[in-house]
Each structure stands twice: as structure tokens, then as C-alpha cells.
Amino acid sequence: ALDSGQKGGISEPKFLQEVDAFVEWARQQKEVRNVNSVTDIIKRLNKNMHGDDPAYYRLPESRELAAQYLLLYEMSLPYGLDLTNQINIDKSATRVFITFENLTSTQMLAIEERFSNWLHQNAPDIEFFAASPNLMFAHIGQRNIKSMLTGTTFAFITISLILIVTLRSWLMGLVSLIPNLVPVMIGFGLWGFFDGRVGMALAMVASMTLGIVVDDTIHFLSKYLRARREKGLDPVAGIRYAFSHVGVALSVTTVVLVAGFGVLAFSTFKANSDMGVLTAATIGLALLIDFFLLPPLLLRVEEKHHE
């Protein structure tokens with residue numbers, strides 16, 4: 001929406017020229033498929049009123065003539081139709097419709113910034129704003145992703161501090177960070193390799209799976225520390241004790257959760273489908289990390305700690 005700032009201002013030749021310059025510039029952008037503007041109507045009417053002479057396919061030089069063309073066009077519309085979808089009631093602002101190719105949220109936000117910069121530099125007197133469902137969800141998605149990253153980072157730090165206090169070992173609390181972080185990192189890394197687009201639904205996966213991933217790690221570490229402290233077992237025997245007491249439970253829980261979220265992969269709604277695939281993959285990776293990375297990590301840490 002481009003606002004002239006004054007009543008009837010859309011008929012001002014200077015305003016129309018700036019709008020037309022913006023429209024022509026927009027048509028040259030590679031992502032744009034179509035641009036529809038009231039300036040095209042006025043130029044076509046100017047040409048029609050001069051015997052369809054191509055030389056007159058231009059904007060009129062006077063405000064009065066532009067206003068008359070708009071009135072003529074509005075009066076010629078079929079019964080019940082008007083120009084309120086393109087021009088506001090007091091004729092101070094007009095709307096330019098721009099249709100794009102299919103774009104990602106990042107591309108949409110970049111285009112909005114590019115268009116805004118052009119208007120600021122070339123038409124500083126025009127007040128403007130852009131709006132569409134795609135642009136709205138692009139902003140929501142970006143804000144959601146940033147908030148999720150901030151919140152998840154804070155949650156990881158808080159969880160680690162709680163684990164240090166609960167497990168009574170700062171070393172185990174720090175070790176727990178690795179099996180908690182790695183599944184999400186690998187999951188998003190694989191997603192970036194195969195798809196590369198993270199929407200609003202995928203932004204929730206890290207925080208959604210955080211509780212499950214941490215839960216697996218806590219169960220394994222708590223049993224390992226019980227074997228070491230209460231039963232006096234060595235690190236290798238402690239790991240075997242943890243596997244014998246929680247290995248089956250973690251495996252069954254993971255299979256059930258992966259199967260449950262995996263069903264979403266068959267959804268025809270892409271947001272649900274993507275979320276289901278990435279969530280199932282992250283939960284499955286968490287079990288693999290706890291079974292294959294955490295035990296050798298514990299052995300290495302114990303070895304270093306007692307050197």
C-alpha cells in the first residue's frame with residue numbers, strides 16, 4: 001500500500017510517477033511474476049483517449065486529467081463494482097499487487113527489505129507497508145525460530161546446572177550436555193543436507209524433543225552413578241549395569257515414540273509431515289547417542305579424571 005499523505009493525492013502527477021517507477025522496477029526483479037497497479041489503468045486510458053496512439057501510453061501531466069480518468073474508469077465498471085480494492089475511500093492511497101514465484105521465508109523477508117530500501121531511496125515522501133499471508137508467516141516463522149533458539153539454549157544451560165546439583169557431580173553435568181545437544185544438531189544437520197528449509201513447525205522440534213532426549217540421558221547417567229557410588233563398580237561394570245537396568249526401557253520407549261511421530265510423515269500437510277520426520281529422527285538419534293557415544297565418553301572422562 002502506497003500512501004500519498006493527502007486526500008485525493010493519488011492524482012498528483014509526482015505521486016503517480018513515483019508509483020509507476022516503483023512498478024517498473026518491481027517488474028524487473030527476477031522473483032516477480034506479475035505486477036498490477038492503478039498507474040497501468042491511467043496510462044491505458046490516456047492512450048485510449050488519444051485514439052490509441054502508443055505515444056500517449058504515459059501518465060497525464062496534470063492532476064485534473066488523472067482524476068478525470070479515474071472517475072471515468074470507475075463509472076464504466078459493471079454495476080456493484082468499484083476501485084476500493086485498489087484505492088481507499090478518500091483517494092489518498094493505492095495498492096500495488098505483486099505476485100512472486102514460490103519463495104522461502106528467508107527469500108520473502110529479503111525481498112521485503114529490498115523493496116523497502118528502494119522506496120526509501122527513490123520515493124521518500126511515500127508512506128508504505130507490505131502485507132500478505134506469506135509475508136505474515138515469514139515474519140512469524142523468523143520470530144519463532146529466534147525465540148526457540150534462545151529458549152532452547154537457556155533450557156540446555158538450566159538443565160545442565162540442575163543435573164550438576166542432582167547428580168552431585170559437575171563433571172557428569174557437563175558430560176550430559178553432549179548427548180543432549182548432539183541428537184538435535186545431527187537431526188537438523190541431516191535436514192539441512194536433504195531439504196534445507198526450516199519452517200515454523202520445524203523450529204519447535206528442538207524444544208519438543210529436548211525433554212525426551214534429556215530424559216534418556218538422565219536415566220542412563222543416574223543408573224551409572226548408582227553403580228559407581230552405591231555398588232562400588234568400576235566404569236565398565238557401571239556401564240553394563242546401566243544397560244541392564246534401563247537399556248530395554250529406553251529402547252521400547254524410543255520405538256514407540258518414533259513410530260508415533262513417524263505416522264505424521266504420511267500427512268498431506270507438509271508442516272506436520274516435516275515435523276514428524278525430524279522429531280522421529282531426533283528421538284531415534286538420541287537413543288543411538290546414549291548407547292554408542294555416551295558409554296565411551298564416560299570411560300574417557302573417568303580415565304582422564306583419575307589420571
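Colleague: What covers the buried residues of α2?
Modeller: In this predicted model, the cover includes α1 (13-27), β2 (32-36), α3 (63-76) and β3 (93-94).

Colleague: What makes helix α2 (residues 38-48) mostly covered?
Modeller: Buried means under 20% relative accessible area. Eight of the eleven residues in α2 are buried. Among them are V38, I41, I42 and L45, along with D40 and K43.

Colleague: Why is α9 called roughly antiparallel to α10?
Modeller: The axes of α9 (residues 235-262) and α10 (residues 270-292) cross at roughly 165°. Angles over 145 degrees count as roughly antiparallel, so α9 and α10 get that label. Their axes come within 8 Å, and the crossing is left-handed.

Colleague: Which residues make the contact?
Modeller: From α9, they include F243, L250, L257 and F261. From α10, they include G276, I283, L287 and F291. The contact residues divide into nine nonpolar, seven polar and no charged.

Colleague: Why is D52 called partly exposed?
Modeller: Its relative accessibility is 45%. D52 sits in the loop between α2 and α3.

Colleague: What is the phi of D52?
Modeller: Positive, about 55°, although D52 is not a glycine. Most residues other than glycine have a negative phi.

Colleague: And where does K91 lie?
Modeller: In the loop between α3 and β3. K91 is not a glycine either, and its phi is positive, near 55°. At 30% relative accessibility, K91 also counts as partly exposed.

Methods:
Residues numbered from 1 in each chain as written. Predicted model: local features only at pLDDT ≥ 70, side-chain atom pairs only at ≥ 80, totals over all residues. Heavy atoms only, no water. Buried < 20%, exposed > 50% of the residue type's maximum accessible area, 1.4 Å probe, protein only. Helix = DSSP H or I, 4+ residues; strand = E, 2+ residues; numbered from the N terminus. Contact = heavy atoms within 4.5 Å. Axes fitted to C-alpha atoms, helices over the stretch in contact; angles between N-to-C directions. Parallel < 35°, antiparallel > 145°, perpendicular 65-115°, else oblique. Left-handed = near helix turned anticlockwise from the far one by under 90°. Nonpolar A, V, L, I, M, F, W, Y, C, P; charged D, E, K, R; others polar.
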